[in-house]
Amino acid sequence: MAYALQQLINGLTLGAMYGLIAIGYTMVYGIIGMINFAHGDIFMVSAFIAVTAFTLLAAADVTSIPLALSFVLIVAIFFTSAYGWAVERTAYRPLRGSTRLAPLISAIGMSIFLQNTVQLTQGARVKPIPPVLEGGLVLWDTPAFAVQISWSQMLIIVTTVTLMVAFTWMITQTPFGRQQRSCEQDRTMAALLGVNVDRTISLTFMLGAALAAVAGVMVTVYYGVVDFFIGFLVGIKAFTAAVLGGIGSLPGAMLGGLLIGLIESFWAAYLWAEYKDVATFGILCLVLMLRPSGLLGRPEVEKV
Amino acid sequence: MSTVVFARHAMTAAERLRDAGWVAFVGFILGVPLIGLTTVDVGGRLAVNTRFGLLAATVAAVFAGRLLLRWGLDQARERKQARSAAGAPASADERAQGAQKVVTVLGWIALGAAVALPIFYSDNRYVVDTATTVLIYVMLGWGLNVVVGLAGLLDLGYVAFYAVGAYSYALLSTQYGWSFWEALPVSGALAAGFGILLGYPILRLRGDYLAIVTLGFGEIIRVILVNWTEFSGGPNGISSIPRPSFFGLDFARSAPEGEQTFAGFFGLDFSPMHRLIFLYYLILVLALLTHAFVSRLRKLPVGRAWEALREDEIACRAMGMNTTNIKLSAFAIGAMLGGFAGVFFAARQGFISPESFTFAESAIILAIVVLGGMGSQMGVVLAATLLVLIPEFGRNFAEYRMLLFGAAMVLIMIWKPGGLLSHREPTVRLNPLGRAGAAREAAR
Amino acid sequence: MNAAALNTPATLLSVQKLTMRFGGLVAIDDLSLDVPAASITGIIGPNGAGKTTLFNCLTGFYKPTTGSLRLAHPQHGEMRLEALPSHRVARDAQVVRTFQNIRLFPKMTVLENLIVAQHNVLQRASKFSIAGLLGLPGYRQAEQEAIERAATWLKRLRLEHLADHAAGALPYGIQRRIEIARALCVDPVLLCLDEPAAGLNPRESAELNALLLYLCRELGIAILLIEHDMSVVMNVSDHIGVISYGRKIAEGTPEQVRNDPEVVKAYLGEDDDEDAQDTAVTTGGATA
C-alpha cells in the first residue's frame with residue numbers, strides 16, 4: 001500500500017512533466033495540423049540550457065535556491081522560445097500549404113539536426129549536475145517502507161498546476177487566446193478578420209517551447225542528469241499523452257500526461273521495468289485503434 | 001520583427017544588410033547557449049567553458065551566408081523573369097519528357113557501372129564494401145518506396161521489418177542450420193506477416209497518426225530485441241551467422257572433407273575478395289529483382305490502386321476499391337522487401353545486434369525515399385548513393401554526418417517538396433509518345 | 001427502353017424513413033423517397049438542406065442513424081445499402097457517385113483515373129497480381145479491354161486528346177467531366193451526381209444535359225442528381241424531390257415542384273424575397 005502510494009507520487013511527477021510537453025504538441029497540432037516532431041528535442045535543448053545555467057550559478061556561488069531556480073527558468077524560457085520560433089520560421093512556415101507529408105519530414109529532419117547539434121556542441125556524454133533540491137517530506141512511515149515526497153517532486157507538481165491555471169486563463173480570457181483559438185478553427189477566416197496568423201502561429205510555437213523549457217528545467221532538477229538523446233523518448237511519450245487525452249484539447253494533454261506518467265511508474269514498479277516503453281507504445285496503439293479522438297477530444301466526422 | 005523583409009522585388013543593398021543582420025542576430029541568440037557556452041567535466045564536476053570566438057565566427061558565417069543566399073535567390077528570380085520574358089519556354093510536358101529520357105539513360109549507365117565495378121576494383125575491399133552498403137540502402141529504399149512513395153502511407157518504423165528479416169535468418173541459420181537460400185523466402189514471408197499483423201489494426205488511422213504508431217512499433221521491436229535475451233541474445237546480438245555459399249561452394253580457405261571451396265572448384269587462388277565480390281553481386285541481383293518486381297507491380301491494378309490511394313482515399317472507396325486490402329498489400333510487400341534486405345544484411349555482417357535497427361536507420365531510409373522524389377525508383381538510387389557516399393568522401397566529416405543529414409532533409413523539403421526527381425511517368429498511355437507514336441499518328 | 005416501361009417505372013431505389021443525426025444536429029429527418037429505374041431524379045433544396053448527407057448515407061460513407069435504403073438491383077435482387085461499407089456500395093451494388101468538390105487522382109493521368117475505376121475487374125483478372133506479373137494473355141486482354149472502355153468514354157465526353165495529361169492540372173469544367181467519365185467506368189446501375197454543373201458555363205451545362213439524357217434514355221442508367229443550376233435540373237429531371245432542413249417538403253414532376261408553395265417558401269423564406277435562388281427558380285421555369 002505504501003509502495004503503491006509512492007508510485008502514485010512518482011507517477012504524478014512524471015506525468016506533470018509529460019503533460020507540460022504534451023501541451024506543446026497539442027497546441028501546434030490544433031493550429032496547423034502537424035506533429036511537431038522536433039518538440040521533444042526543443043525540450044532536450046532546454047534541459048541543456050538549464051545545465052549550463054545551473055553550472056554558471058554554481059561557479060558564481062549563488063546559494064539561494066529560489067533565486068537560482070527563477071534565474072534558470074527565465075534563461076531557459078527565453079532561449080528555448082527563441083528555438084521554438086526559429087524552428088517554425090525555418091522548417092515549417094515555408095511548407096505551409098504544401099503536401100501533408102512535407103512538414104512532417106521537415107520536422108523529422110529538424111529533430112535529427114537539433115539532436116546532433118547538441119551532441120556536437122555539448123558533447124555526447126551524460127551531463128550530471130549537483131543536486132539542487134535535496135530531501136523531502138516523509139508522508140507515511142511504515143516499518144517496511146517510507147513514503148516520501150521530495151522537494152523537487154513538490155516543485156514540479158506545484159509549478160505545473162500553477163502554469164496550467166495561468167495557461168488556461170490565457171487561452172480562454174486574453175486577446176491572444178482568442179486569436180489562437182480563431183486560427184485553430186479557421187485560419188483563412190481569421191486572417192480575413194484581421195488576425196495576424198503568422199504571428200499567432202509563431203507565438204504558439206514559442207509558448208509550446210516555453211512550457212517545454214519549464215519541463216526541461218524540472219527534469220534537470222529532478223534527475224540531475226541530461227543527455228542529447230532524452231528528447232526522442234520523452235517527446236514520443238508526451239505525444240502519446242496528447243493523443244491519449246485527445247489532440248487539440250489542453251486539459252486532455254494534461255490528463256493524458258498524468259495517465260502516461262502513472263501507467264509508466266506502476267508498470268515499471270509491478271511488472272517489467274525494462275518493458276515500460278513497450279507499455280506506452282502499446283497504449284498509444286490501443287487508444288488510436290479504439291478511440292482515435294482521445295479521451296477528451298471531440299470525435300471527428302470524416303469530411304466527404 | 002518587421003525588420004525582416006521578404007520582398008517580392010529585388011532588395012536594395014541596405015535591405016539586404018538589414019535582413020542579414022537580423023538573421024545573424026537570431027543566430028547569435030540561438031548560438032549563445034549551445035555554441036558560446038558549453039559544460040565540461042572537470043574532475044567529476046561540471047564547469048562552464050566559453051567559446052565566444054567560435055560563436056563570433058558562426059554568427060559571421062550566418063551573416064555572410066544569408067547575404068549570399070538572398071543575393072543568389074534574387075539573381076535566380078531575375079534570370080527566370082528574363083527567360084520567361086524572352087518567351088517560348090519549353091512546355092512542361094516536353095521538359096518532363098526530356099527529363100525522363102535523361103533519367104532513363106542515367107539508369108542504364110548506373111546499371112553498367114554497377115555491374116562493372118568489381119571488375120575494376122577487384123582488389124579494393126573498401127570500394128566493394130561501400131558499394132554493397134549503397135545497394136543495401138537502394139534495396140531498402142525501393143521497399144519503403146512502395147509504402148511511402150506509392151501508397152502514401154508514412155511508415156517511420158520500417159527498420160522493424162529489416163530487423164525481422166535479419167533476426168529470422170540469424171536464428172534460422174544458427175539455431176536450425178538453415179542455409180541462406182532456404183531462409184531467404186521464409187524470412188521475407190515472416191517480415192510480410194509482421195507487416196500485415198501491424199497493418200491490420202492501424203490502417204484506419206490518419207496519415208500522421210499512422211506515422212507515430214509505426215514509429216512506436218519499430219521501437220517496440222527494438223526494445224524486445226534488447227531485453228529478450230534468451231531469444232535474441234539481447235544487446236550482444238547474434239554472432240557467427242553463416243555466410244551464403246555459391247551453389248554449395250563455400251568461400252573458405254579450405255573445405256571440410258568431401259566438399260569443395262569456391263576457389264578450389266574454379267581452380268583459383270584463394271582470396272578473401274571472392275566472397276566480398278560475390279556478396280556484392282548477390283545484393284545487386286536482389287536489388288535488380290526488387291526493382292523489376294516493383295516497377296512491374298506499379299503498372300498492375302494493385303500498383304495503380306496504391307497510387308490512387310495516395311492521391312485520394314475517399315475517391316478510391318467511391319470507385320469500389322477495398323482500401324484496407326490495398327493498404328495491407330502495400331504494407332506486406334514493403335515489409336517483405338525490407339525483410340529480404342535484412343537477411344542479406346545479416347549474412348553479410350555475420351553479426352547483428354539491436355544497435356543496427358534504431359530509429360535513425362528508419363529515418364535514413366525514409367530520407368532516401370523522400371529526397372529521391374516519392375515514388376521515383378531512380379530517385380532512390382540517386383539519394384542512396386549521395387547519402388552513403390557524402391560522409392564517406394569526407395571522412396573528417398563523419399561526426400557531422402547526421403547533422404548534415406537532418407539539415408539536408410529540411411532544406412530539400414523546402415527547396416523541392418517533391419524530391420530530387422519528382423517527374424512521374426504514367427503507367428499506361430493512350431497515345432504512345434516518341435517516334436513510334438508519331439508514326440502511328442501519321443499513318444492514320 | 002420502351003414507352004411502356006417509362007410509363008410505369010419500377011422503383012430502383014427506395015429510401016424509407018431515413019434519419020441521420022450528428023450529435024444533436026439532425027441532418028436528415030425521416031426522409032422517404034423513391035428513385036425509379038432508368039430515369040433522372042433531381043434533388044434540390046437550399047444550402048445545408050442535407051442533400052450531400054443523403055448521398056453520403058446512400059454511398060456508405062455515413063451510416064444512417066435509422067431508416068433503410070433498399071436497392072432493387074437488376075442482377076442481385078434487393079440490396080440494403082445502409083448495411084454495406086462504401087467500397088461495396090460501389091463494387092457490388094453499383095451505386096457510384098461523384099463529389100461536390102471534385103475528387104480526382106490529381107497526379108495520375110486522365111486515362112489512369114479511368115482505369116483505376118475498373119480496379120475490381122482488372123484485379124480479378126490479374127489473379128492476385130500473379131497473372132499480371134507474368135504478363136499472361138488473360139490479364140493482358142483484360143487490360144486492353146479496360147483501356148478501350150476508358151477510351152470509349154473519353155471519346156464520348158470529348159476528352160480523348162487529354163487522356164495522357166495529369167488530371168489535376170486540367171481546367172475545372174474538364175475535371176467535372178473526367179469525374180463523370182470515371183464514375184461511368186465503374187459500370188453504375190445508379191449514378192449519383194453531386195452538383196455536376198457547378199462552375200460550368202452555359203455551353204458546358206447544355207452539354208451536360210445532353211449527356212445525362214443520353215446515359216438515361218439510351219443506356220438505361222438511373223441518375224440521382226443534386227443540382228442548384230435550375231436550367232439543368234428542370235430540363236432533364238423526370239422527377240424532383242425537394243429537401244429543406246433534412247425533410248422532404250415536395251416531390252413531383254418539374255412542373256408540379258415549380259408551382260408548389262412549400263418550395264417557394266423554402267427557397268424564398270416567408271417574408272423577404274431577396275434570395276438569389278429566387279431568380280434561379282424563375283429563370284429555370286422560364287427556360288423549361
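1. A crossing of two helices is called left-handed if the near helix is turned anticlockwise from the far one by less than a right angle, and right-handed if clockwise. By that convention α2(A) and α4(A) cross in a left-handed way. Helices here are DSSP runs of H or I with at least four residues, strands are runs of E with at least two, and both are numbered from the N terminus.

2. The model is predicted: local features need pLDDT of at least 70 and side-chain atom pairs count only at pLDDT 80 or more, while totals for chains, interfaces and linings use all residues. Residues are numbered from 1 along each chain as its sequence is written, and chains are lettered from A and ligands numbered from 1 in the order in which they are written.

3. Chain A contains 11 helices and four strands. Its radius of gyration, taken over C-alpha atoms, is 19 Å, close to the 19 Å from the globule rule (2.2 Å times the number of residues to the power 0.38) for 304 residues, so chain A is as compact as a globular protein of that length. Along the principal axes, the C-alpha atoms of chain A fill a box of roughly 65 × 45 × 35 Å.

4. Of the 304 residues of chain A, 53% are buried, meaning that 20 or more other C-beta atoms, placed from the backbone, lie within 10 Å of the residue's own.

5. In chain A, α2(A) and α4(A) pack at about 20°, with axes 9 Å apart. Axes are lines fitted to C-alpha atoms, for helices over the stretch in contact, and angles run from 0 to 180 degrees between N-to-C directions. The pair is therefore roughly parallel (angles under 35 degrees). Asp41(A), Met44(A), Val45(A) and Phe48(A) of α2(A) meet Ser111(A), Leu114(A), Gln115(A), Val118(A) and Gln122(A) of α4(A); contact requires C-beta atoms, placed from the backbone, within 7 Å. By class, five of these residues are nonpolar, three polar and one charged.

6. In chain B, α4 (residues 125-150) and α10 (residues 272-298) also pack at about 20°, with axes 9 Å apart. That makes α4(B) roughly parallel to α10(B). Their crossing is left-handed, and their contact has 19 nonpolar, five polar and three charged residues.

7. The contact between the chains takes 49 residues from chain A and 42 residues from chain B. On the chain A side, the elements giving two or more residues are α2 (39-59), α3 (65-92), α4 (101-122), α9 (230-245) and α11 (276-290). The largest share, 16 residues, comes from α4(A).

Key
Contact = placed C-beta atoms within 7 Å. Parallel < 35°, antiparallel > 145°, perpendicular 65-115°, else oblique. Nonpolar A, V, L, I, M, F, W, Y, C, P; charged D, E, K, R; others polar. Buried ≥ 20, exposed ≤ 12 C-beta atoms within 10 Å, placed from the backbone.
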